[in-house]
Amino acid sequence: MTKRILDHPVLGKLTDQHPVPFTFDGKTYEGIEGDTIASALLANGVRTLRKHEHSGNPRGIYCNIGHCFECRCTVDNVSNVRACVTPIKENMVIESGKQQPDPLNPNNEGTLPRTYKEYIEQGGNK
């Protein structure tokens, strides 16, 4: 179900739109040519793009002009991509940002890296 404006008061009727399939968190959606990731997700009813790294609170689109970084997600295995300024491409694989472990929380399970070298050795930056 799309939540798109199809008859804009200034731009007129939006016709001849070419569909662009993509996935977000494993689910297939369809945007249109010229969409940003954010506009394609919004048109498909997706509002939460990531979880806050520490609190876990849902985050979505805030400024929609590339200044605030609230819409960061992973796109084709590249992390921290801003959804509001990145054009959608056919078969793009998009993943929401997940909550990260808090390195200062004494209740953390497992070993967190203490240095950048340890971070890379543990598979970070992929």
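Mentor: Start with asparagine 77. Its relative accessible area is 60%, so asparagine 77 counts as exposed, the cut-off being over 50%. Keep in mind that this is a predicted model. Asparagine 77 sits in the loop between β7 and β8 (78-82). Its phi is near 70°. That is a positive value, and the residue is not a glycine.

Asparagine 64 is another case. Its phi is positive too, at about 60°, although asparagine 64 is not a glycine. Look for asparagine 64 in the loop between β6 (58-59) and β7 (72-75). Asparagine 64 has 40% relative accessibility, so it counts as partly exposed.

Now turn to the sheet. Five strands form it, in the order β4-β3-β9-β7-β8. The sheet is open, and its pairing is mixed. Which strands stand at the edges? They are β4 (27-32) and β8. Each has a single partner strand, so one side of each has no neighbour in the sheet. From one strand to the next, the twist averages 40°.

On one side, β3 and β4 run antiparallel, joined by 6 bridges. Phenylalanine 22 has tyrosine 29 of β4 as its bridge partner. In the hairpin of these two strands, 2 residues lie between them. Here you meet another positive phi, near 50°, at aspartate 25.

Next, follow β3 to β9. Residues 19-24 make up β3, and residues 92-96 make up β9. These two strands run parallel, and 3 bridges join them. Phenylalanine 24 stands opposite isoleucine 94 in β9. In a regular strand, side chains alternate between the two faces of the sheet.

Stay with isoleucine 94 for a moment. Leave out residues up to four places away in sequence. Isoleucine 94 then touches Phe22, Thr23, Phe24 and Asp25, as well as Ile37, Cys73, Thr74, Val75 and Ile88. Several of these names come back in the core.

The largest nonpolar core has 19 residues. Which residues have the most contacts inside it? They are Phe22, Phe24, Ile37, Ile88 and Ile94. At least two core residues come from each of β3, α1 (37-43), β7 and β9. The biggest share is from α1, which gives 4 residues.

Arginine 50 is in strand β5, which spans residues 50-51. A polar atom of the arginine 50 side chain lies 2.9 Å from the backbone oxygen of glutamate 70. Again, set aside residues up to four places away in sequence. Arginine 50 touches Asn57, Pro58, Arg59, Phe69, Glu70, Arg72, Ser96 and Gly97.

Compare that with arginine 82. This residue lies in strand β8. Its relative accessible area is 27%, so arginine 82 is partly exposed. Beyond its neighbours within four places in sequence, arginine 82 is in contact with Gly66, Phe69 and Cys71. The backbone oxygen of glycine 66 lies 2.4 Å from a polar atom of the arginine 82 side chain. Arginine 82 and cysteine 68 are 14 residues apart in sequence. In space they are 9.1 Å apart, C-alpha to C-alpha.

That brings us to the cysteines. How many disulfides does the structure hold? The count is 0. Take cysteine 63, which is in no disulfide. Its nearest cysteine sulfur belongs to cysteine 68, 3.7 Å away. Cysteine 68 is in no disulfide either, and its nearest cysteine sulfur is that of cysteine 63. Cysteine 63 has 25% relative accessibility, so it is partly exposed. Cysteine 68 is also at 25% and is partly exposed.

Definitions and conventions
Residues numbered from 1 in each chain as written. Predicted model: local features only at pLDDT ≥ 70, side-chain atom pairs only at ≥ 80, totals over all residues. Heavy atoms only, no water. Buried < 20%, exposed > 50% of the residue type's maximum accessible area, 1.4 Å probe, protein only. Pairing = 2+ DSSP bridges. Axes fitted to C-alpha atoms, helices over the stretch in contact; angles between N-to-C directions. Core = buried A, V, L, I, M, F, W, Y, C linked by side-chain atoms within 4.5 Å. Contact = heavy atoms within 4.5 Å. Polar contact = N/O pair within 3.5 Å; in protein donor to acceptor, adjacent residues only side chain to side chain. Disulfide = S-S within 2.5 Å.
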